[in-house]
Amino acid sequence: MADHVDRVLEQWHAERPDLDVSPMGVIGRLSRLSALVDAELRRTFARHGLDRSTFDVLATLRRSGPPYRLTPTELMRSAMVTSGAVTQRLDKLEARGLVERTPDEADGRGVRVELTGAGGELIDRVLPDHVETEHRILAALDAGERDELAATLRTLLESLGGAGS
């Protein structure tokens, strides 16, 4: 079954048969898929009064384990955003009572960000809905296909230096 990207490839092949445009098949589908996945995730987060960035901070703190506390730098590395972006996210989350900044006992100049009880309850309510959305998004693939796709995407990310630590 042909899709939009196939039609684009056919057009380029007709207009520029001298070029190997096959990468457009992968990149074009990844781009279209990214937009569709982002829209699905935004809907899930919106049902809980969150956006992707606030979910990311809450989830990072929650998965860090008790006492669910990290430095802003640790959060920045995990979320791969600038310190200014982390500060803005934390300001919003703190205003909602979902995180709390406290002095770092080990470094008097630093702070620690801790998930509050309300923040922990919220992320624990959102997470099952989020995971269900991801299952629904990937429902067309069996477990082996998901594993193969994940491995292929990891290889591509590593080749571009985007796999993170």
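**Salt bridges and a nonpolar patch**

Biologist: What is the relative accessible area of Arg16?

Modeller: Arg16 has a relative accessible area of 35%, so Arg16 is partly exposed. Keep in mind that this is a predicted model.

Biologist: Which residue does Arg16 form a salt bridge with?

Modeller: Asp18. The closest N and O atoms of the two are 2.7 Å apart.

Biologist: And Asp18, buried or exposed?

Modeller: Exposed, because its relative accessibility is 55% and the cut-off for exposed is over 50%.

Biologist: Why would such side chains pair at all?

Modeller: Side chains with opposite charges can pair when the charged atoms come close.

Biologist: How many salt bridges are in the whole structure?

Modeller: A search of the whole structure gives 14.

Biologist: What does Asp38 meet in a salt bridge?

Modeller: The side chain of Arg52, at 2.9 Å from N to O. Asp38 belongs to helix α2 and Arg52 to helix α3 (residues 52–63), so this pair ties together parts 14 residues apart in sequence.

Biologist: How accessible is each of those two?

Modeller: Asp38 is partly exposed, with a relative accessible area of 26%. Arg52 counts as partly exposed too, at 45% relative accessibility.

Biologist: Then which side chain does Asp91 meet?

Modeller: Asp91 and Arg101 form a salt bridge at 2.4 Å, N to O. That pair links distant parts of the chain, 10 residues apart: Asp91 sits in helix α5 (residues 83–95) and Arg101 in strand β2 (residues 99–103).

Biologist: What are the accessibility values there?

Modeller: Asp91 has a relative accessible area of 40%, which makes it partly exposed. Arg101 is at 26% relative accessibility and counts as partly exposed.

Biologist: Which residues are joined into one network?

Modeller: Asp3, Asp6 and Arg29, through salt bridges that share partners.

Biologist: Changing topic. Which residues make the nonpolar surface patch?

Modeller: Val26, Ile27, Leu30, Leu149, Leu153, Leu156 and Leu160 make a patch of about 600 Å².

Biologist: Which elements give two or more residues to the nonpolar patch?

Modeller: Helices α2 (22–46) and α7 (143–159).

Biologist: Where is Leu160 found?

Modeller: In the segment after α7.

Biologist: Why does Leu160 count as exposed?

Modeller: Because its relative accessibility is 69%, and exposed means over 50%.

Conventions
Residues are numbered from 1 along each chain as its sequence is written. This is a predicted model: local features need pLDDT of at least 70, side-chain atom pairs count only at pLDDT 80 or more; totals for chains, interfaces and linings use all residues. Side-chain values use heavy atoms; hydrogens and water are left out. Patches are made of residues with over 30% relative accessible area and no salt bridge: like charges are joined within 9 Å, nonpolar side chains (Val, Leu, Ile, Met, Phe, Trp, Tyr) within 5 Å. Accessible areas come from the Shrake-Rupley method with a 1.4 Å probe; for residues, only the protein chains shown count as cover. A salt bridge is a side-chain nitrogen of Lys or Arg within 4 Å of a carboxyl oxygen of Asp or Glu. Helices (H or I, at least four residues) and strands (E, at least two) are DSSP runs, numbered from the N terminus. Buried means under 20% relative accessible area, exposed over 50%, partly exposed in between (1.4 Å probe, protein chains only).
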